[in-house]
Amino acid sequence: MGRRIIICDGVDQARQWARVGTREEEELTWVPRDEESSLRPPGFRILQGGLDVDAIAKLDRQSGEGFAVASDDGPFARAAIQAITKAFPEAPILLLSDALGDDDVPEHTCLRRAGLKTLIRDDIDVEFEHLDNLQRVVEIRDLLGPRERVAVLLQPDPDPDGIACGYALRVILGRKKTTAPLVSFGEVKRPENQALVQALGIEVATISHEELEEFDGIALVDVQPNVFGDEPPARLRSVDVVIDHHPERTGYDSVIKDIRPSYGATATILTEYLRAARIEVGPRLATALLYGIKSDTQLLGRETSQHDMTSFAHLHSSYSPALLRRIERPALPLDGLQALGRALTRAEVKDDIHILVLGRVREDVIPQVADMGLQAEGAEWAIAAGIVGSNLVFSVRNVGYVRAAGDVVRAVVEDLGVGGGHRSMAKGIIPLKAFRKVYERADRETIRKALHDAFVAAIER
Ligand SMILES: [Mn+2]
């Protein structure tokens, strides 16, 4: 927000404002009460002409600038809000009052109320941030409200951040899946993400480029049109809403763009929207958004801003731990547990490395076993390996203060398969064919020895 125009009711409110602390971008005005004109508070100028539309219009408010009204007097506050709304219908308003309640102020789509004496300076800044977010919500609702069917488009193979944001946007718009379906050009593939969709009871429809044409509006969350190729489909070159935290790209138009690259997750932006608009967030939505922030920031580690922390903390008071556990730890199939049992009989930690070879298992068992493997005494590295289809798949965890897991896995799979990951988590895939070419066999003992030697070499490299 640029300049903020402050209108104080009488010398007492102006002094109160000055006590809290003023900022350079604030234009300070006051309306003297009887016999107060000689008491000019420092930094303030009199609102020439008193509290009416003409006087407010002369303040020359630019688009994006907001007002604050400080008053404990109902008639004064109402007159000020009405005059501002008449002069600048789009202007957001912050009413600061320790005496007035919601019932004392007229209906206004972009108004927030807070106490003045009780607020410290930072709180007022936070209120202005809420106001900015509220303004965005109002714009998005105004734009998409009249549209019959709106596509909420996620990236192909949507991740938790995207899925949570799509769900949140639908709640903000007050729509159902029939009038605002979550859509993607690809399926939800990863087991955790499928678990998320199931646990939330939501649906992500896979659609074609042609089917996208049938919608009356398009909103993209956690993605921008360029992700769909250098030459995105024509319908994506001009969309309605883009909300994202990836760096801003060019080559498309959007009526509303809210792109915040300093944020660790788009779910943080949507959480701020929900808070600003005072929309009640139920446990399912809170869990989805919290998981979105958690997974995009590696639990507030990677590329995390203060905004992510604040939103995470806010969601933490209303999320469901049981639901989150179900998403993060999908139920293990019995044969997966039996495979784990067999692997555990051979458990050993050698060179700080703990390897568990599971044989043929469902893919989502592997990362869960790797998590558990790190608890073995003396283990700095845990590797769980299993055969999925025609591939050897392995998940890697480490204690965090050793070489980055992603780098090590890339070295291990070099010339054999694919792999990568982050500081303390990584995954590798080697086609059995390629593995057998080098090691001749792919039985448990061969796999264990091959991985052990490759990890020792890669860690020391
Ligand atoms: Mn994201």
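Student: How many residues are there between β17 and β18 in their hairpin?

Tutor: This is a predicted model, and in it β17 and β18 form a hairpin with 3 residues between them.

Student: And how many bridges join β17 to β18?

Tutor: There are 4 bridges joining β17 to β18, and these strands run antiparallel; along the pairing, G419 stands opposite G428 in β18.

Student: What about β16 and β18, in which sense do they pair?

Tutor: β16 pairs with β18 in the antiparallel sense over 7 bridges, and here F394 is the residue that stands opposite G428 in β18.

Student: Okay, changing topic: which residues of helix α14 are buried?

Tutor: Helix α14 covers residues 405-413, and its buried residues are A405, V408, V409, V412 and V413. Seen down the axis of α14, those buried residues fall within an arc of 125°, so they line one face of the helix.

Student: Why do residues three or four places apart point the same way?

Tutor: An α-helix has 3.6 residues a turn, so residues at that spacing point the same way.

Student: What covers the buried residues of α14?

Tutor: The cover includes the strands β16 (391-398), β17 (418-421) and β18 (425-431), together with the helix α16 (444-460).

Student: Which residue with a positive phi follows α14?

Tutor: That is D415, whose phi is near 70°.

Student: Last one, zooming out: which domains is the chain divided into?

Tutor: The chain is divided into domain 1 (4-118), domain 2 (143-327) and domain 3 (334-460), and the centres of domain 1 and domain 3, taken over C-alpha atoms, are separated by 64 Å.

Conventions. Residues are numbered from 1 along each chain as its sequence is written. This is a predicted model: local features need pLDDT of at least 70, side-chain atom pairs count only at pLDDT 80 or more; totals for chains, interfaces and linings use all residues. A residue is buried if 20 or more other C-beta atoms lie within 10 Å of its own, exposed if 12 or fewer, and partly exposed in between; C-beta atoms are placed from the backbone. Helices (H or I, at least four residues) and strands (E, at least two) are DSSP runs, numbered from the N terminus. The arc is that of the directions from the helix axis to the C-beta atoms. Two residues are in contact if their C-beta atoms, placed from the backbone, lie within 7 Å. Two strands pair if DSSP finds at least two bridges between them. Domain bounds come from an automatic or database domain assignment.
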